[in-house]
Amino acid sequence: MSSFGPIELLVLRFPGNDFRGEIAPALADLVDAGIIRVIDIVFMIKEDGEVRVLEINDLDEDTYAIWDPIVADITGLLSEEDVQHLSGVLEDNSSAAIMLFENTWATRFVDAVLRANGELVLNERIPRRVIEEVLAAAPASAS
């Protein structure tokens, strides 16, 4: 039996509720290519100090039709407590998407590590902003 690839939690914030419809197709490409599997997704909207949480089943029919094929049948792993904790990233007149996804591309590697009695010691994603800052501060290399 195959194990799971690494599972990540991702929170995306959208100040001003500015959506352009580019995210779902890009995510669908990753799912269709077998790179990731979206396990759960929850949407939050904060207006007038109130946070409204929308599960995929709470979306209007057209929006549901876009997201449903992207999200695996394993939903409900994000608890209400998780969502409430993460709602703190929202400012008024903003939205967020909270997503759990599996890096399915790594499943074969994970299985090989487990068969070799290997153990994960550290796994940390370095934000793009940090890499850009490091590169900007590094002296230009001589060619």
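Which residues of helix 1 are buried? They are Ala24, Leu27 and Ala28. The structure discussed here is a predicted model.

**Helix 1**

- Viewed down the axis of helix 1, the buried residues Ala24, Leu27 and Ala28 fall within an arc of 105°, so they line one face of the helix.
- The buried residues of helix 1 pack against three elements, namely strand 2, helix 2 and strand 4.
- After helix 1 comes Gly34, which has a positive phi, near 75°.

**Strand 2 and its partners**

- Strand 2 covers residues 37–47, and nine of its eleven residues are buried, so that the strand is mostly covered.
- Strand 2 and strand 4 run antiparallel and are joined by nine bridges.
- One example of this pairing is Asp40, whose bridge partner in strand 4 is Leu100.
- Strand 2 is also joined to strand 3, which comprises residues 50–55, by six bridges, and these two strands likewise run antiparallel.
- Within the pairing with strand 3, Phe43 has Leu54 as its bridge partner, while Ile45 has Arg52.
- Strand 2 and strand 3 form a hairpin with two residues between the strands, and in this hairpin Asp48 adopts a positive phi near 50°.

**Glu47**

- Glu47 belongs to strand 2.
- With a relative accessible area of 42%, Glu47 is partly exposed; the value falls between the limit of under 20% for buried residues and that of over 50% for exposed ones.
- Leaving aside residues up to four places away in sequence, Glu47 touches Asn17, Asp92 and Asn93.
- Glu47 and Ser94 are 47 residues apart along the chain, yet their C-alpha atoms are separated by 7.1 Å.

**The largest pocket**

- The largest pocket holds about 590 Å³ of space.
- Its lining is made up of 24 residues, and those nearest the centre of the pocket are Phe14, Phe19, Ile23, Phe43 and Trp67.
- At least two lining residues come from each of strand 1 (7–15), helix 1 (23–32), strand 2 (37–47), helix 2 (61–67) and strand 4 (94–102).
- Strand 4 supplies the largest share of this lining, with four residues.
- By residue class, the lining of the largest pocket consists of 17 nonpolar, three polar and four charged residues.

**The second largest pocket**

- The volume of the second largest pocket is about 430 Å³.
- Sixteen residues line the second largest pocket, and Pro6, Phe109, Val110, Leu120 and Asn123 lie nearest its centre.
- Helix 4, which spans residues 107–115, gives the most to this lining, namely four residues.
- The lining of the second largest pocket contains eight nonpolar, four polar and four charged residues.

Terms used. Residues are numbered from 1 along each chain as its sequence is written. This is a predicted model: local features need pLDDT of at least 70, side-chain atom pairs count only at pLDDT 80 or more; totals for chains, interfaces and linings use all residues. Side-chain values use heavy atoms; hydrogens and water are left out. On a 1 Å grid over the protein atoms alone, a cavity is a set of points where a 1.4 Å probe fits but cannot get out, and a pocket is an open set with protein on both sides within 12 Å along at least five of seven lines; lining residues have an atom within 4 Å of a point. Grid points are joined across faces, edges and corners, and a volume is the space filled by probe spheres set on the points. Ala, Val, Leu, Ile, Met, Phe, Trp, Tyr, Cys and Pro count as nonpolar, Asp, Glu, Lys and Arg as charged, and the others, Gly among them, as polar. Buried means under 20% relative accessible area, exposed over 50%, partly exposed in between (1.4 Å probe, protein chains only). The arc is that of the directions from the helix axis to the C-beta atoms. Contact means heavy atoms within 4.5 Å. Two strands pair if DSSP finds at least two bridges between them.
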